[in-house]
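Hi there,

Here is the structure I promised to pass on. Have a look at it first, and then read my notes below.

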Amino acid sequence: MEKLRSSMDPAQLHCESASSETALELESALNIQQNPMVLIDRDYRIIAANRAYREAYGVRREEIVGRHCHEISHHSPIPCHMRGEDCPHQAVFRTGQAHEVRHIHYDQNNHAEHVRIRGHVLRDQRGRSYLGEEIIRLPPQEDAITCNDLRMVGKSPAFLRCLHHIEMAARTDASILLFGESGVGKELAAQAIHHFSSRAAGPLITVDCATLPENLFESEIFGHERGAFTGCVGRKLGLYEQAHQGTLFLDEVGELPLVMQAKLLRVLETGSFRRLGGNENLSADVRVVAATNRDLRAMAAQRHFREDLYYRLAAITIDLPPLRDRREDIPGIAQVLLERIGRDWGGRWSLSREAERRLCAYNFPGNVRELRNILQKAAALADGPIIEAKHLEFFRAVVPEGMATPAPQSARPRPAPGRGQCPPDLLEILEKYQGNRRQVAEHLGVSERSVYRWLRRLDKH
């Protein structure tokens, strides 16, 4: 059989059922790949798996061939794009282009693991097209990014998309601008970018732009020579110079006054600077990551932020999702925070099921920072190692289960189902909105949490 060859012509994407003989031939061709790899038809059915896949996941050929890929990898009865994830199958068959994502897969012991998926179109000699899905299993240390004893953790589609964008951006040397509400973990994201980049062995230097005094800006950023000002008794390396061959993180960059913005722009564009009181032109090899919770483009239109500095910083932009858009991650994040609280306070706490439900129903305008504060108070109120719902009664801004802000009538073309009742056509509605739970919730006139709960029930059947 002619070797499988890549095809990037969408018009040629046509998939038929493969015979057992053909499947074995395809599998033989896949065995030259060192990484686990499966071949999937247009109906999401696995038709072949290479030796590396079977050995890595401890399965036999007959246990997976003919079954749906989402059933095997995600333990889900529905395709991953209907759960809001970035689905390589849907992307590759729609565009004909290669597609790479980060996903959560389950191994033979039902343990979740982070994997990187590379999907592309493959054709056999008869013109039949398939998705070739290469699986790169990530080591445990890449499951979460650690920064100052906190971890960037999650399994939600919103989190995985964000983490994938961070990984892809980190591979470049371009400037990156992080957008996100207060408390979403912008410093953790900057740490992740540095961790995934070729500069990981170099320093990560943080500049808190919100607290940097204007009269000390040049001295802090560019450094100074001895005698540069009254009381200056020695040379000091600036933060920009300290970040040589590493990353400079400009936190809350939108808080910089215009005068300081102009000075920052010059060094970012030329790479050269002078220490305060010095005459020598110096340079440093620095990658810049900036973060803000403000709309810098709107500020630039109002002349409150330099437009040229915005475009210098925003070569790549990444949006960090708020906690209310990744509610399924709240229990895991809460556990990490409780572990840290336990180390600091000399105790150990965990959440009851009802306490988890109460937290997951809350919108968290202060995001992870607010969650940490709530858990600290709850741990102080708890009379044992289990935090119960009664220990969370001090915060009451909870969205009741099954309730939501009323959507416009145009967004609700049908009556909402009864409380706790999953609509019979939920999967069709998910398909219509391409897995976007928020749009599905608005369509049905229920909370996003209710849609999530229904999907969890479907997963268990």
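**The cores**

The largest nonpolar core has 34 residues, and Tyr240, Leu248, Leu250, Val253 and Leu313 have the most contacts inside it. A nonpolar core here is a set of buried Ala, Val, Leu, Ile, Met, Phe, Trp, Tyr and Cys residues joined through side-chain atoms within 4.5 Å. Buried stands for under 20% relative accessible area, exposed for over 50%, and partly exposed for what falls in between (1.4 Å probe, protein chains only). Helix α10 (residues 258–270) gives the most to this core, with five residues. Apart from it lies another core, of 25 residues, which includes Trp349, Phe364, Leu371 and Ile374.

Before you go further: this is a predicted model, in which local features need pLDDT of at least 70 and side-chain atom pairs count only at pLDDT 80 or more, while totals for chains, interfaces and linings use all residues. Residues are numbered from 1 along each chain as its sequence is written, and side-chain values use heavy atoms, with hydrogens and water left out.

**The sheet**

Five strands form an open sheet with parallel pairing, in the order β10-β13-β16-β9-β17. Its edge strands are β10 and β17 (316–319), each of which pairs on one side only. Neighbouring strands of this sheet are turned by 20 degrees against each other on average, direction ignored. Helix α6 (residues 157–170) packs on the sheet and touches β9 (176–179), β16 and β17, and its direction makes about 160 degrees with that of β17. For the angles, axes are lines fitted to C-alpha atoms, for helices over the stretch in contact, and the values run from 0 to 180 degrees between N-to-C directions. Helices (H or I, at least four residues) and strands (E, at least two) are DSSP runs, numbered from the N terminus; two strands pair if DSSP finds at least two bridges between them.

Strand β13 (residues 246–251) is worth a look: six of its six residues are buried. β13 pairs in the parallel sense with β10 (residues 204–208) over five bridges, and with β16 (residues 286–292), again parallel, over five bridges. Phenylalanine 249 of β13 is the bridge partner of threonine 206, and in β16 the bridge partner of phenylalanine 249 is valine 289. Aspartate 208 stands opposite aspartate 251 in β13.

Leucine 250 is in contact (heavy atoms within 4.5 Å) with Val207, Cys209, Leu264, Val288, Val289, Ala290, Ala291 and Leu313, leaving aside its neighbours within four places in sequence.

**Tyrosine 53 and the cysteines**

Tyrosine 53 lies in helix α2 (residues 51–57) and is buried, with a relative accessible area of 4%. Not counting residues up to four places away in sequence, tyrosine 53 touches Pro36, Met37, Val38, Val59, Ile64, Ile72 and Ile135.

**The whole chain**

The chain has 18 helices and 19 strands, and 50% of its 461 residues count as buried. Among contacts between residues at least 6 apart in sequence, 67% join residues at least 24 apart.

Best wishes
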